[in-house]
Amino acid sequence: MNQINFTSRIHPVTLAEFGRITSSIPTKNEVKYPWTIKDSKIASDVYTKRICDCTAAIISTGKEALMLHINPEISNNHAFLQVLTFLRNNIDLTNKNLQAVIIGSKNTKKSQDIYNKFIDMLAKLHIPTTEIKNGKNPTNVAYKSSNDEIIITNASIDKLLKKGQTATDSLHASFEKISISNKDEFYTENHFDSL
């Protein structure tokens, strides 16, 4: 099989736009509280809300995505062998088109433990990963397969976009760390760029 080079687009939007976009995604595709491994979803379109000290991961093929939202306050969520087993049971880890986006965490020991375990695991699996770390506000994120796009918002992004800031500036101002993999692009109003 020939390798297809999918490139995901990271697209910051207002809170209202996020609501409009996710209204077309079935609610069964939402990763909901209590945010454990068993609450994860795999579908062509998925979303989750209120990422604070949790870590969310979107692992996509360009045609569908597995979304995880892992709560650091649940002790079983720190046993990453369960996460790896779940991934092996639900996606083909040898698929050369896999790419990931990791979103969330706070600067606490429990939160950083989950975040760092995700980063380490994805590196060992050789999955290109974009990091969007330590948001200023609870963050909502969705994946839409129709255009292989990661849609992201929070109160800070919403406020900055409404003030006329660019998508790039709004994202940088809303998170402590942004690191875009070579498999992803950043949405701008006129075109897509790598950060």
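Predicted model: local features only at pLDDT ≥ 70, side-chain atom pairs only at ≥ 80, totals over all residues.
Residues are numbered from 1 along each chain as its sequence is written, and side-chain values use heavy atoms, with hydrogens and water left out.

To begin with the overall picture, the protein has five helices and 13 strands, where helices (H or I, at least four residues) and strands (E, at least two) are DSSP runs numbered from the N terminus. Of its 195 residues, 53% are buried, and buried here means under 20% relative accessible area, with exposed over 50% and partly exposed in between, for a 1.4 Å probe and protein chains only. If we take the contacts (heavy atoms within 4.5 Å) between residues at least 6 apart in sequence, 65% of them join residues at least 24 apart.

Let me turn to the aromatic rings, of which two pairs are found in the structure. Rings of Phe, Tyr and Trp (its six-membered ring) pair if their centres lie within 6.5 Å, and planes under 30 degrees apart count as stacked, over 60 as edge-to-face and the rest as tilted. Tyr-33 and Trp-35 make an edge-to-face pair, at 5.2 Å centre to centre and with 85° between the planes; Tyr-33 is exposed at 58% relative accessible area, whereas Trp-35 is buried at 9%. Phe-80 and Phe-118 have ring centres 4.9 Å apart and planes at 90°, so this pair is also edge-to-face. The two residues are 38 apart and link distant parts of the chain, Phe-80 lying in helix α2 (residues 80-90) and Phe-118 in helix α3 (residues 109-124). Phe-80 is buried at 11% relative accessibility, and Phe-118 is buried at 0%.

Staying with α3, its buried residues are Ser-111, Gln-112, Ile-114, Tyr-115, Phe-118, Met-121 and Leu-122. What do the buried residues of α3 pack against? They pack against β5 (55-60), β6 (65-70), α2, β7 (99-104) and β8 (129-135). Just after α3, His-126 takes a positive phi of about 60°.

Next comes the open sheet of six strands, which has mixed pairing and the order β3-β6-β5-β7-β8-β11; two strands pair if DSSP finds at least two bridges between them. Its edge strands, each pairing on one side only, are β3 (41-43) and β11 (175-179). Helix α5 (residues 167-174) lies across β8 and β11, and runs at about 125° to β11, where axes are lines fitted to C-alpha atoms, for helices over the stretch in contact, and angles run from 0 to 180 degrees between N-to-C directions.

Finally, the cysteines: how many disulfides does the structure hold? There are zero disulfides, a disulfide being a pair of cysteine sulfur atoms within 2.5 Å. The closest cysteine sulfur to that of Cys-52 belongs to Cys-54 and is 6.9 Å away, which is too far for a bond. Cys-52 is partly exposed, with 31% relative accessible area, while Cys-54 counts as buried at 2%.
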